[in-house]
Amino acid sequence: MAKKLVIVESPTKARIIGKFLGKEYEVLASRGHIRDLPEHSLGVDLEHGFQPEYEVSKDKTSVIASLKKAAKECEEIYLAPDPDREGEAIAWHLREALQSAARKKPFFRVQYNEITPRAVADAFAHPGEIDMQRVNAQQARRVLDRIVGYKVSPLLWRRLHTGLSAGRVQSVALRLVAERERKIQSFQPVEYWVMGAKVRSPKAPADPFLVRLSKIDGKSPVVPREGETQPPTLSGKRIVEEIRRDLDGSLLKVDEIKQRETSRHALPPFITSTMQQAASSVLGYEPKRTMKLAQSLFEGGKGGVGLITYMRTDSVNISKEARAAAEAYITGTYGAGYFSQNYYKSRSGAQEAHEAIRPTDVMRTPESLVGKLDSAELKLYELIWKRFVASLMSSAKIAQKTVYLKPERGGHGETVNATEVAPYHHDYTFTVSSSELLYDGFLKVMALDFRKRKDEDDAEEDDDEVDRLPQLVAGDRVDVLEWLAEQKQNKPPARFSEASLIKALEANGVGRPSTYATIIDTLNSRKYTKHEKRQLIPTELGLSVNDLLVSKMPSLFDVGFTASMESELDEVESGKVEWQAMMGNFYGLFTQWLAQSKEPPADASRVNEVLSLLSQVKQWAEPVKRGKRTFSDEKFVASIREQLEKGEKPISEKQLTALAYIAIRYREQIPDGERRLSAMGYSEELKKDAAAPDQESVSKRLALLASLEMGDNQKKFIDSLRKQAERGRKLSEKQLAIIDRIILENRHAIADFETVCEDLGLPKEQEEAAAPADTESPILLKLLGEVKEWAAPVTRGKRTFSDQEFVASVSRQYQVKHALSPKQRFAMKRLCGKYKAQISDFERYAEQLGMTRKPKEAIERRAPLAEPSVSADGSGVPPSEDKLA
């Protein structure tokens, strides 16, 4: 039996470290956190120092049992989770859970920034103790997040619907996304013009090039920048035409040439946020995927050794050993002049004891790992490797030339008498620039365009850069081939991408390296945001959640306040602030904000008035049982009456509204009920109720739909309407119209449909309109019926996409409806293209179904279709990289 027990988080890490340490050590994995706050209660003692009430996670019972057994049999215990707050907390929880089994055996904390034999050996040669300040910082964050989520989420449940969540940091990130969207929605574009000329010089090269009108009367024309609305200088066609007439017949003369040498410096090595941003922008990886791949590279995976340093860091520090290794590689590969001892400064508050993200061995080039890593891992490793190597290389040298030109009347060689020509109405200056790479420096590795990229904020600027210029000198003249004027509009603020949101969170001090990916993943999984073309767009639900939270608790979800809390957590970790004192200050503010967010109670006299009306109801509807819950109008009214009599909790406006709707439903049993309710201010509600479909008609429709086969989405929708009806709430005309449409879509599955149609009052013209001829589906189903070998199902998130199940699903739907939707037909066409090798006579059918048209032609011939995402229930299209022939 090994004398020393080592505990890490993952089995992969345990396997690799076990090889490094040898038989004297037994290395086991905790598989992440082993204890947490309870799932279904607050789990924080608010009265006694905010003490957390931890419990063993449900899926970790057997893990704890194995660790306790090993702790009993060993002599020493080494806790070796990751070197950050979460890792420190895991180590502390492990010690707390194993102390009784360990029986006073010593616990040691070991940390390493990379999983290599040297780093691991050094860590075990210098073990330390658990850093309780770091543990307390993690506990404080966990308690903060639990209190906010547990106390604020019910606000969303009451006002929107159950199941929604608020988060201390996630809701601030949502606020950034939502407020950007509101700016986009309210944006009013400003039109402006950009002017210039197409010119040609008599000197080589004789190719025409473009110059830009850069100054009028010594001032640059005002161009509205992205998201701004200041009035532009060239605001209308009339002004542009006046300038064009003023310049007509002129050539351009070189007035001045300015040359300067500039340097483009390498960027620092990656930290967590910049790695996620680069992986998103360059590789298209979501932050969650990037961190998963980085974790695999850190742990070593198939390679048996860690390939990169720890990936959750905010420090750009590089160790002496890594610098020396990089110097050897760079000078040996590119030459001594390419190495530069660059030092970078981390942001304020960064943990300088950590390193930047870098390869553990710079000699292990991306090319050497081809075939040893999968494609996604290799791409991320290459990104990290190049960024690190470039960070210690010399700057690129660039020669920039800018030519300034003035208009001049007359042609080449002509002598023009200044007194005989009309002066220009304005002083015009045109410019053109070019750049030449003198020395590539770090660009040798990065292979970037040496011209400096524009910042996002400068996206509206029109530059005057050209690839190359003739050898012009002051006094040279160039012919104007054409005066140019282009009308433009400034753009609204750009939506956030995942990369730019991480950048904004970091810039505002919201979140930390370990939380960025989780924040974005939570927004997406909660359906508060969605992806479109790499943009992060708030959904209607996300906008509603944000509007409610910001209107009710603006101070809590303020960017500045959230950043200040992050700073306080850093101070807890550094020992400057005691975590329970910090929590006390926060909770004092929080309880005030929470009290202010509550709705004012309903008018008690108004509640009594409605209850008085309901006291006259003698015959109540039968209670409706739904799952484990029973809904009873009579019992609900009685509970409100009891709550009012006790006086412990005021009646809310929501409860009063529910009472009023019950009174409206039972108004026929209330003497003069309609007039009395109208006098109380419920006229509009009475009108809506009178116009709503009668319950008998709705019940017939719902009963009919219960016998039909429908997709999951339709089933859920109909089920929600059935619950609404069973609770006594009438359906709206719009809801009834949707039910009728579903019935008409399934007419072929309904026996004696014409009689049913007449009984339900479905208009004949609607029936006919709902039955477009579908001549494509039979052909498509026939073609796909020839496919024998299907691609393996693909899992994305919680959904599994299967081509074979999708075809089976739409086939069943067609047998019932005798028609499929345009999206479903489009999906089947894509699948035909994907499996065309198995389809006989594919080309003939492809031509018949319009699948061989070029994209532009296809768009012109049919209404545009969004490319749907479809699962096996036939509600979308299976993911595929293949294109139609």
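Does Arg31 count as buried or exposed, and at what relative accessibility? In this predicted model, Arg31 counts as exposed, at 53% relative accessibility.

**Figure 1. Overview of the predicted chain.** The model is a prediction of a protein chain with 32 helices and 20 strands. The chain has 885 residues, of which 47% count as buried. Among contacts between residues at least 6 apart in sequence, 76% join residues at least 24 apart.

Figure 2. Most residues other than glycine have a negative phi. With a relative accessible area of 7%, Phe50 is buried, whereas Arg31 counts as exposed at 53%. The cut-offs behind these two labels are under 20% for buried and over 50% for exposed.

**Figure 3. Packing of helix α5 with helix α15.** Helix α5 covers residues 132-159 and helix α15 covers residues 540-552; the two pack at an angle of about 120°, with their axes 11 Å apart. That angle makes α5 oblique to α15. The crossing of the two helices is right-handed. On the α5 side the contact is made by Val152, Leu155, Leu156 and Arg159, and on the α15 side by Val545, Leu548, Leu549 and Lys552. Sorted by class, the contact has six nonpolar residues, no polar residues and two charged residues.

**Figure 4. Packing of helix α16 with helix α17.** Helix α16 (residues 559-574) packs with helix α17 (residues 579-597) at an angle of about 160°, and their axes are 10 Å apart. The angle makes α16 roughly antiparallel to α17, since the cut-off for that label is over 145 degrees. The crossing of α16 with α17 is left-handed. Phe561, Met565, Glu568, Leu569 and Val572 of α16 meet Trp579, Met582, Phe586, Leu589 and Trp593 of α17. By class, this contact has nine nonpolar residues, no polar residues and one charged residue.

**Figure 5. The two faces of helix α7.** The buried residues of α7 (residues 237-247) are Val240, Ile243, Asp246 and Leu247. They cover an arc of only 125° around the axis, which puts them on the same side of α7. An α-helix has 3.6 residues a turn, so residues three or four places apart point the same way. The buried residues of α7 pack against β9 (191-200), β10 (209-216), β11 (250-264), β12 (396-409), β13 (428-439) and β14 (477-489). Lys237, Arg238 and Arg245 are exposed residues on the face of α7 turned away from its buried side. Gly249 follows α7 and has a positive phi, near 85°.

Figure 6. Apart from its neighbours within four places in sequence, Gln643 is in contact with Glu648, Lys649, Pro650, Ile651 and Gln655.

Definitions and conventions. Residues are numbered from 1 along each chain as its sequence is written. This is a predicted model: local features need pLDDT of at least 70, side-chain atom pairs count only at pLDDT 80 or more; totals for chains, interfaces and linings use all residues. Side-chain values use heavy atoms; hydrogens and water are left out. Axes are lines fitted to C-alpha atoms, for helices over the stretch in contact, and angles run from 0 to 180 degrees between N-to-C directions. Helices (H or I, at least four residues) and strands (E, at least two) are DSSP runs, numbered from the N terminus. Angles under 35 degrees count as roughly parallel, over 145 as roughly antiparallel, 65 to 115 as roughly perpendicular and the rest as oblique. A crossing is left-handed if the near helix is turned anticlockwise from the far one by less than a right angle, and right-handed if clockwise. Contact means heavy atoms within 4.5 Å. Ala, Val, Leu, Ile, Met, Phe, Trp, Tyr, Cys and Pro count as nonpolar, Asp, Glu, Lys and Arg as charged, and the others, Gly among them, as polar. Buried means under 20% relative accessible area, exposed over 50%, partly exposed in between (1.4 Å probe, protein chains only). The arc is that of the directions from the helix axis to the C-beta atoms.
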